[in-house]
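The following paragraphs lead the reader through a structure step by step. Please keep the sequence and the model in view while reading.

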Amino acid sequence: MNTQENKTVGCRKAWIAFVAASSCLLIYVMACVMSPAGWSPDSSKIAILVTPPGEGDNPKEFAIFVYDTATGARTLLDEVKADGVLSAPAWSPDGKWIAYYKVEPSPSEQVGPSSEPNAAVSIGERPGNTPEDKPDRSAPSTPAEQLFSEENQMLPSFMFELAEEQVKDKNDVETFDVKLVTATPDGKYKETLQVMKWVGGDDDRKSMVCMRPTWSPDCKRLFYVRAIKDESYTASIDIATGTTYAHLLGSVATPAVSPDGKWVASYLEDDDTLVASRIDGSVCKYFKLDLEIGDDRPPMLDITFWSRDSRKILVVDKDSVLHGIDIASGQTELYKDPDANSIAYPVISSTDKRLYYLVGFRTGEEGPPPQTISLKRMDLQGKGTRTIFTFRMPELSDEGGGVFSISPNGKIVLLRAIIKDESGEGKSALIFWDGKTQKIVKTDRWLLKPLYGDSNLIFEEKLIGKWRGEDSRITIAKGTQEKTYKLTWVEEDKEHHAVANLIRLKGVTFLGVFLDESLVEPGSHLLPDVFMRVAQIEPKLLLQTIEYDKLAEVLEKAAESIRPEDIGAENIAEFERAK
Amino acid sequence: MSVIAYLFSFLCSQDASRSFAVAGHLLPVCQRCAGLYMGMGVTFVYLLLKRGYRKNLPPRSIVYVNVACLLAMPIFGFHLLDPGPAWRLWSGLVYGNAIVSLLVPAASIISNEGGKTGCHTEPSTTSFWIFFAFLNSVPLWCPAQSVWFYYAGLLFMLVGLLCVAFCVSVVTVFLIKKLLMSVMSSAKLQVRPILLKKISFMIFFNNYLSGYDTIRCHRKEKIKKRFFLF
């Protein structure tokens, strides 16, 4: 073979190798890119209970929103005002339903029309079902039946009777009505499955925000708790027939249902006992523990949860060590992360069946939380651990620590907390981390209803310029968007920035100030942080601060135009045009 | 880092639950892709140091192993078998090694039109096996929880990516050059007959004219000479 032939053969082989290698690489890259991890429905959206800012432990308004983490769209599912209460919401495993408890405001404080008590009601049209198909789910009429209306499946059966007698013997038992509601995530259909009497007072009503019902894995049954004095019992309702069953006594507000749908578990705090009962009422097991798991623990936490094979109940003790109690043998196995001092907010992933948890944050720990927190994963079989990602905590307000949760697919960490905004004020926020990005969603505005529309926006050239007040200076310039102003004010040598709209409402001009400039965007652009009445522009600029609630009230009362006396003359600041 | 993550977002699903976190930093690619790009980067550096890119394609024994590594990828890559992060990293590493071991010499040979300046000797083959053994041992200790390892890993991943881009661009340039040459040569072939005709005509005509003039001149001279002579 001569040199030329050698070259030709070599070249041909090289081409084959080149094409083979590049094709393999291309196929691999395409396969990897085209098969991204699928987001389960319940990890793409969150259902969240929102209360107004600054009302602490006694909020006057509750609302449940469904928030799409990808698009940022939010849907109001339900709301109550005055002394009404909503519980935390619970998604059904198929992602089609959301269940929650609801306490309607007492008649004296009721703001809007309430649905009839002690009756099952529905709003909208149930998807895939006709109204005729609905079973009669009216609540029992006599008080005794209303208190313990479920079919007894507790073992031993006398426990239910004992609990019943405890309450029935007393005449001055304080009760309130709790509705068990299911709704579609779009809020178009709502149904009250059950109206039940709870024994307790105001404190028990308030504690409802820290509990939620639990769905069975097949979504056919909903598990709930009923408070009876200091204890509660876990019951369930068959959604198709409306039949209710009492399963076990427990102190945990959120019952744990096994993934195979055969067991329900709870925990008796006083006796430090774990209770697991078969849902058909055939077996009930009591496991005496020595864990003191109820101490110093926020009630929102799911204290007990099941392993994916439904063989073990997992419990995190006071030292943040995970205990796995085998329900067949009663043996306890310890799961500990060797690199971390705690296992916080554990969740078994719906996708890879592993345990995801947070480290670096110790529940109930005194003092400031650590700067960085890691999402970790533990293989319950081999007990090997891995850090998924680490994130930095934002600066939290002194008002509250915050509550974490991990998405069911183990990919997103959510913190609900009050953070400090640019001006140092506390703002309720949802902070999402997915390992790559941090997303902050402020929720205080969610409960506000826009007081004006786009048609009320006006623009006054005269407002633009530099203004000097008694102890502050304001510079008003034209904003980047249409009919917006850019505000810069200096107070005590500190410069602040904001965006504002000028609004004409019932004959009065207001300046709607957005302290966070990013809020001039669709969905939030009609909800300013502060309203200021522009009493006069020339020769002196007179601005009067007015609270959102007061303005709403004035607007509601004013028939055609707002009179100055409706607003009053307080909080007026005077500014002269600076040369 | 966001630029690198953005770059790799076109090449990897970037599933955070299947990505290594090194010293608190999440790698911008999944575990298998991390293995793939690191394997490519490390192999490219190895080939540069050994000047393996100037030699012929690897010997048969190495090619067989590389082909076996390429064929093994579907088993792991399409999750037919997924024993865990270490295996994902390993499958990526050997796959990346196989790709670059074939791609780089192939690109070199193609761009030199089959020419090569050296061939594989026994020591160079032995060194490949040592290198291959090292690659296979990487999942046993990787990822080391150190910031240095994180940045080194990123660097090798970028090198691996650039290596592929370089090889593809070398071959593309060669192909474009070849294409232009062939276009030019084919154009020449089409132009040549016309040119030849033109040139020959010109020559002929020129010759003819010059010949005619010459003859005429000769005749005149002859006449003159005759005149003068006679």
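How many of the 230 residues of chain B, as a percentage, count as buried? The share is 36%. The model under discussion is predicted, and every value given here is computed from it.

Chain B contains six helices and two strands. Followed along the sequence, these elements give the pattern α-β-β-α-α-α-α-α. Helix H2 of chain B covers residues 31-50, and its 20 residues reach 28 Å from the first C-alpha to the last. That span is close to the 28 Å expected at 1.5 Å a residue. H2(B) is mostly covered, with 16 of its 20 residues buried. Just after H2(B) comes Arg51(B), which takes a positive phi of about 55 degrees.

Chain A may be described in the same terms. It has seven helices and 39 strands. Of its 579 residues, 36% are buried. Residues 24 or more positions apart account for 48% of the contacts in chain A with a separation of 6 or more.

The strands of chain A can be approached through one sheet. Strands of a sheet pair through backbone hydrogen bonds, either parallel or antiparallel. In chain A, four strands form an open sheet in the order S15-S16-S17-S18, and their pairing is antiparallel. Strand S15 (256-257) and strand S18 (284-288) of chain A stand at the edges with a single partner strand each, so one side of each is left without a neighbour in the sheet. S18(A) is joined by five bridges to strand S17 (residues 273-278) of chain A. Within this pair, Ser277(A) has Cys284(A) as its bridge partner.

Further along chain A, strand S20 (residues 312-316) runs antiparallel to strand S21 (residues 322-326), and five bridges join them. Here Leu314(A) is bridged to Gly324(A). S21(A) also pairs in the antiparallel sense with strand S22 (residues 332-335) of chain A, over four bridges. In that pairing the partner of Leu322(A) is Tyr335(A). The hairpin of S21(A) and S22(A) has five residues between the strands, and Gly330(A) takes a positive phi near 80 degrees there.

What lies in the interior? In soluble globular proteins, nonpolar side chains tend to be buried together. The largest nonpolar core of this model has 103 residues, and Ile313(A) and Val413(A) have the most contacts inside it. This core draws at least three residues from each of domain 1 (88-335) and domain 2 (341-446) of chain A. Apart from it lies another core, of 55 residues, which includes Tyr46(B), Leu47(B), Leu57(B) and Val104(B). Beyond its neighbours within four places in sequence, Ile313(A) is in contact with several residues, among them Ala256(A), Leu274(A), Trp306(A) and Ile325(A).

Lys483(A), in the loop between strand S33 (472-478) and strand S34 (485-491), has a positive phi of about 55 degrees although it is not a glycine. Lys483(A) counts as partly exposed because 13 other C-beta atoms lie within 10 Å, whereas a buried residue would need 20 or more and an exposed one 12 or fewer. Lys506(A), in the loop between strand S35 (494-505) and strand S36 (508-514), has a positive phi of about 45 degrees and is likewise not a glycine. Finally, the peptide bond from Glu538(A) to Pro539(A) is cis, with omega near -5 degrees. Pro539(A) lies in the loop between strand S37 (530-536) and strand S38 (540-546) of chain A.

How values were computed:
Residues numbered from 1 in each chain as written. Chains lettered and ligands numbered in written order. Predicted model: local features only at pLDDT ≥ 70, side-chain atom pairs only at ≥ 80, totals over all residues. Pairing = 2+ DSSP bridges. Core = buried A, V, L, I, M, F, W, Y, C linked by C-beta atoms within 7 Å. Domains from an automatic or database assignment. Contact = placed C-beta atoms within 7 Å. Expected span 1.5 Å × (residues − 1).
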